[in-house]
Amino acid sequence: MRNHSEVPAPLQGHEADHRGTPVGRRVMLGMIGLGALGVVAGSPVRNLLADSIDTVARKDPTGLSDLLPGNRFRYYSITSSVPEKNATSYGLKVDGLVARPTTYKLSDLAALPQQRIVRDVQCVTGWRVPETPFAGVRLSTILDAAGVSPEAKAIRFTCFDGEYTESLTLDQARRSDVIVATSMEDKPITHAHGGPVRLYVAPMYFYKSAKWLSGISVVKDVVPGYWEELGYDIDGWVGRSNGRDDAPTV
């Protein structure tokens, strides 16, 4: 397994955005105070503050904002910038070994049966965000609509950052806890968290849940994804891979 210090971390499907100008000392101290307030005040205030902290974290090259009490997720990226997509510009292409290739707009995904999953999010570097809701369309629903060829054995995912890739076996992709997610924490997925659409593979480490999802290709064999090419396990089951013994996500 490649040493964490040799690649950006945490390694969970580039759960990140690019860094910008430093955050000033007064701003940082103020955010620390607000984060502490959120811990005391409870969920409604904490959620509001988390949105503000997220904005600061995306422009903080020091990484100090990752330590704020209200900051549930951490931000890293494998590219210097990622284009933003909206209801007009976004499209999810489904192709490869399928009978009916198609491209889904956000409205198309919203029209399909929806599933909500609440699980812990576990990063392979050790941090965990408990009881995080994701919602969207089962990947199996999209595959069934496409008509998967009998010779297919795997799925390859691509992202509109132009760099990130991931993969699952066909059996893994058909699990009920693997979704094409459009909602996170009961809100539309923001650009920073991989929106408007990302993959969510609930039982695996978060690097398998690719952000900024743009392509689903049905293929004959598993193609190692971005982090797998750098030494991480292709099958990233929480607690059963990458030399870790974390409790399974529940």
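## A tour of the cores and one buried glutamine

Start by selecting Cys123, which is buried in this predicted model, with a relative accessible area of 0%. Cys159 can be selected next; at 5% relative accessibility, Cys159 is also buried. A search of the whole structure finds 0 disulfides.

Now turn to the largest nonpolar core, which has 42 residues. Select Leu139, Leu143, Leu213 and Ile216, the residues with the most contacts inside this core. To see where the core comes from, colour the elements that each supply at least two of its residues: helices H3 (106-111), H4 (139-146) and H5 (170-173), together with strands S1 (92-96), S5 (154-159), S7 (178-184), S9 (198-201) and S10 (213-219). H4 gives the largest share, 4 residues.

Stay with Leu213 and display its surroundings. Beyond residues up to four places away in sequence, Leu213 touches Tyr90, Leu92, Phe157, Thr158, Cys159, Phe160, Val180, Gly194, Val197, Arg198 and Leu199.

The last stop is Gln122, in strand S3 (residues 115-122). Is Gln122 buried or exposed? With 3% relative accessibility, Gln122 counts as buried because the cut-off for buried is under 20%. Show its side chain: it reaches the backbone oxygen of Gly126 at 3.4 Å. Then select the contacts of Gln122, leaving aside neighbours within four places in sequence: Trp127, Arg128, Tyr205, Phe206, Val238, Asp246 and Thr249.

Key:
Residues numbered from 1 in each chain as written. Predicted model: local features only at pLDDT ≥ 70, side-chain atom pairs only at ≥ 80, totals over all residues. Heavy atoms only, no water. Core = buried A, V, L, I, M, F, W, Y, C linked by side-chain atoms within 4.5 Å. Buried < 20%, exposed > 50% of the residue type's maximum accessible area, 1.4 Å probe, protein only. Contact = heavy atoms within 4.5 Å. Disulfide = S-S within 2.5 Å. Polar contact = N/O pair within 3.5 Å; in protein donor to acceptor, adjacent residues only side chain to side chain.
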